[in-house]
Amino acid sequence: MDALIPILNKLQDVFNTVGSENIQLPQIVVVGSQSAGKSSVLENLVGRDFLPRGAGIVTRRPLTLQLVYTPVEDKEVQCQNLGVSVPDENEFAIFSHIKGKVYTDFNEIRQEIEAETDRLGGKKNISHEPITLKIYSPKVVTLTLIDLPGLTKIPVEDQPVDIEKQVRDLIMHYISNPNAIILAITPANVDFSTSEAVKFAKEVDPEGRRTLAVLTKLDLMDRGTDAYDVLCGRIIPVKLGIIGVVNRSQEDIHKKKPIEEALRYESAFLQKNYPSIASRNGTSFLAKTLNRLLMHHIRDCLPALKTRINQMVSHFQTLVNSFGEPIEDKGRLLLQIITKFASSYCATIEGTAKNIEVSELCGGARICYIFHETFARALESINPLDTLTTFDILTAIRNATGPRPALFVPEVSFELLVKRQIKRLEDPGLRCVELVHEELQRIIQHCGAQQEFIRFPRLHEKIVDVVTHLLRRRLPETNRMVENLVGIELAYINTKHPDFHEAGLIHKALTGGDYITTSTSSSTISNSVQVQTKPQRDQSRGKENRNDESTLGKIISSSRNLIQQHITDGTDIETVTNGEQSSPYMVNTVQSSVVSTSMAPVGDGTTINARKLSPREHRDCEVIERLIRSYFLIVRKNIQDTVPKAIMHFLVNFVKDQLQSELVASLYKTSIHEHDELLDESGHIAQRRKDAQEMLEALHKANQIISEVRETHLW
């Protein structure tokens with residue numbers, strides 16, 4: 001059991017060097033109001049005067065006091081283990097922040113504590129950074145305590161206005177540790193129920209499992225009163241007990257009364273005033289009790305502490321690995337990073353990346369969405385007859401006929417108008433290219449080698465520049481191909497296209513074929529119509545057209561009605577115009593009463609008058625509209641199919657195939673000096689790796705220290 005406290009001291013030394021807040025070591029924390037006698041209790045435990053004294057808050061930094069019982073015959077061995085020279089005195093001390101220096105004069109220790117306190121906290125401020133002092137003596141019990149600043153309410157002189165909050169936060173930081181034993185110091189000459197130290201302890205330890213109360217200044221109580229009820233736990237029970245002690249008075253301190261003499265006075269006082277409980281009070285009993293409590297507490301905490309250290313070893317090992325090892329071969333490392341980035345970039349496009357995004361679409365999935373959702377909706381939103389009025393159609397027909405009136409609808413007018421509508425398909429195609437380009441640019445931030453990018457920011461910038469330049473270089477060529485696809489459709493209007501059934505139907509209707517009088521021909525037309533009215537788009541996408549019928553269905557339905565109207569009329573009415581015989585279809589057209597606009601040359605021949613369309617004009621406009629709608633849908637279908645293919649070939653697949661060679665040519669095939677610049681590590685990452693390595697070493701040492709504890713030491 002006696003070996004447990006030195007092991008705790010070793011662990012504290014290890015973790016003090018790296019400043020770890022994650023390991024909660026077993027420790028005794030001294031808490032009390034200002035001038036409650038904390039310093040006197042600690043000095044009585046040590047048997048020497050060594051703590052600073054004065055008005056106001058003297059202790060402004062935590063003091064970790066490690067008392068190590070060192071018999072005279074073991075002094076030399078202890079010094080050899082510490083790596084210091086053997087002092088002449090049997091009692092000596094060492095500060096952790098001053099390596100190799102041994103203190104035998106306890107007045108020097110006091111001065112060093114004051115100087116070190118002022119160094120970090122200034123003259124009045126509170127600091128959380130602890131001072132670690134080890135005292136080796138044959139007169140002490142092996143013990144470890146942490147002395148904290150005394151509780152205060154009102155700032156005095158030039159103390160900070162929030163001094164109370166600073167002290168409270170510091171105390172709560174230490175006593176909130178579930179592995180800490182709270183030593184609550186309270187003077188006997190004040191009501192125990194008003195003790196600030198006990199109140200603090202109750203906040204973090206409501207069941208009192210780790211709180212030990214100390215009642216100081218028993219000799220200063222009012223005459224006629226005693227502390228029997230308090231010491232026996234009748235006022236406020238404390239599970240670990242309440243121990244009374246007698247401190248040196250201020251006069252004794254000024255007169256430099258030896259602590260040995262003060263301890264004799266304390267023993268005599270307790271025997272005289274509290275004879276029945278004298279053996280369970282006093283500084284000697286307090287020291288033994290603290291030693292026993294601490295050893296048992298360490299025994300209880302050690303298994304969980306070992307588990308926690310093992311977990312942290314695993315965590316920091318992973319952290320160190322993520323920061324990478326120090327660079328040995330820069331060329332090799334550069335090539336590895338380039339290959340890793342290129343592979344990850346291609347895997348993100350293909351959907352085979354290790355870390356699949358779950359919050360949003362990215363990479364190849366987003367490109368697919370752009371092709372089949374965004375681009376498709378953009379094409380569907382274009383009405384074949386948008387921006388095309390009846391007046392525009394009639395004007396085009398008249399301009400195409402020249403000075404001679406036409407017997408049939410001029411084909412030139414159909415080509416002129418349908419090209420104008422097909423041209424509108426170019427903008428959605430170019431926008432699709434732009435969206436895919438943006439996604440390829442965005443993939444850079446989602447693909448692998450992220451840790452290397454953080455470690456080497458200059459290399460990250462250069463890789464981004466190379467990929468961006470490659471994408472920009474391919475963008476004009478891809479746009480040009482999309483423009484060419486639309487241009488190809490504009491270059492030749494194929495009225496003999498296999499899917500352009502509307503042209504055949506209207507041609508037969510206008511020329512008056514005998515197929516309309518036979519059931520077979522009628523059935524053929526009906527079947528043809530049924531084929532044409534199939535939906536143009538798979539309805540499984542959950543998208544419905546705004547109208548009940550597809551656009552092509554409307555066209556064929558209208559044609560069927562026109563033909564059926566001719567069938568049911570049953571008579572061949574002939575109309576002679578300018579000595580020419582018109583077809584039955586021309587006479588049997590609907591006599592529209594719709595008022596539209598038409599050209600009427602008045603004055604200079606450019607003004608417009610409103611009048612009813614003649615049956616001939618109405619028929620011609622309707623024929624052109626149907627032809628435009630039918631042919632536009634065919635071209636739109638082609639564009640919807642070919643634009644994604646062009647983008648994949650000219651942009652996506654090209655970048656995938658050429659990315660690694662482009663990065664190697666731009667980054668790897670450079671001078672050694674440029675390699676050094678690219679692999680110039682971030683100072684932030686270098687510092688974090690250094691801290692992680694130090695912490696890992698400390699954890700390995702701690703693990704080794706705990707492993708030295710044999711099972712027999714725990715019981």
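# Aromatic pairs, packed helices and buried residues

Phe-269 is buried, and Tyr-274 is buried too. Both belong to a predicted model, so please read every value here as computed from that model. The protein has 715 residues, of which 46% are buried, and its secondary structure comes to 24 helices and 12 strands. Among contacts with a separation of 6 or more, 79% are between residues 24 or more positions apart.

**Aromatic pairs**

- With ring centres required to lie within 6.5 Å, the count of aromatic pairs comes to nine.
- Phe-269 and Tyr-274 form one of these pairs: their ring centres are 6.4 Å apart and their planes meet at 55°, so the pair is tilted. The reasoning rests on two cut-offs, since planes under 30 degrees apart would count as stacked and over 60 as edge-to-face.
- Phe-414 and Phe-500 give a stacked pair, with 6.0 Å from centre to centre and 15° between the planes.
- Which residues do ring pairs link into a cluster? They are Tyr-228, Tyr-265, Phe-269 and Tyr-274, so the tilted pair of Phe-269 and Tyr-274 sits within this cluster.

**Charges over rings**

- Tyr-265, a member of the cluster, has the charged end of Lys-257 over its ring, 5.1 Å from the ring centre.
- Elsewhere, the charged end of Arg-474 sits over the ring of Phe-654, and here the distance to the ring centre is 3.7 Å.

**Helices H12 and H15**

- A packed pair of helices is described by two values, the angle between the axes and the distance between them.
- For helix H12 (residues 364-380) and helix H15 (residues 426-446), the axes come within 10 Å and cross at roughly 160°. H12 is therefore roughly antiparallel to H15, as angles over 145 degrees count that way.
- The crossing of H12 and H15 is right-handed.
- On the H12 side, the residues that meet H15 include Ile-367, Ile-370, Phe-371, Thr-374 and Phe-375. On the H15 side, those that meet H12 include Cys-432, Leu-435, Val-436, Glu-439 and Leu-440.
- In an α-helix there are 3.6 residues a turn, so residues three or four places apart point the same way.

**Helix H2**

- How many of the residues of helix H2 (residues 38-46) are buried? The count is nine of nine, so the helix is mostly covered.
- The buried residues of H2 include Lys-38 and Glu-43, along with Val-41, Leu-42, Leu-45 and Val-46.
- Gly-47 follows H2 and has a positive phi, near 85°.

**Two residues to look up**

- Thr-468 is found in helix H17. Is Thr-468 buried or exposed? With a relative accessible area of 12%, Thr-468 is buried.
- Leaving aside residues up to four places away in sequence, Thr-468 touches Gln-441 and Ile-444.
- His-501 is found in helix H18 and is partly exposed, because its relative accessible area is 29%.
- His-501 and Leu-627 are 126 residues apart in sequence, yet their C-alpha atoms are 9.5 Å apart in space.

Technical notes. Residues are numbered from 1 along each chain as its sequence is written. This is a predicted model: local features need pLDDT of at least 70, side-chain atom pairs count only at pLDDT 80 or more; totals for chains, interfaces and linings use all residues. Side-chain values use heavy atoms; hydrogens and water are left out. Buried means under 20% relative accessible area, exposed over 50%, partly exposed in between (1.4 Å probe, protein chains only). A charge sits over a ring if NZ of Lys or CZ of Arg is within 6 Å of the ring centre and within 35 degrees of the ring normal. Axes are lines fitted to C-alpha atoms, for helices over the stretch in contact, and angles run from 0 to 180 degrees between N-to-C directions. Helices (H or I, at least four residues) and strands (E, at least two) are DSSP runs, numbered from the N terminus. Angles under 35 degrees count as roughly parallel, over 145 as roughly antiparallel, 65 to 115 as roughly perpendicular and the rest as oblique. A crossing is left-handed if the near helix is turned anticlockwise from the far one by less than a right angle, and right-handed if clockwise. Contact means heavy atoms within 4.5 Å.
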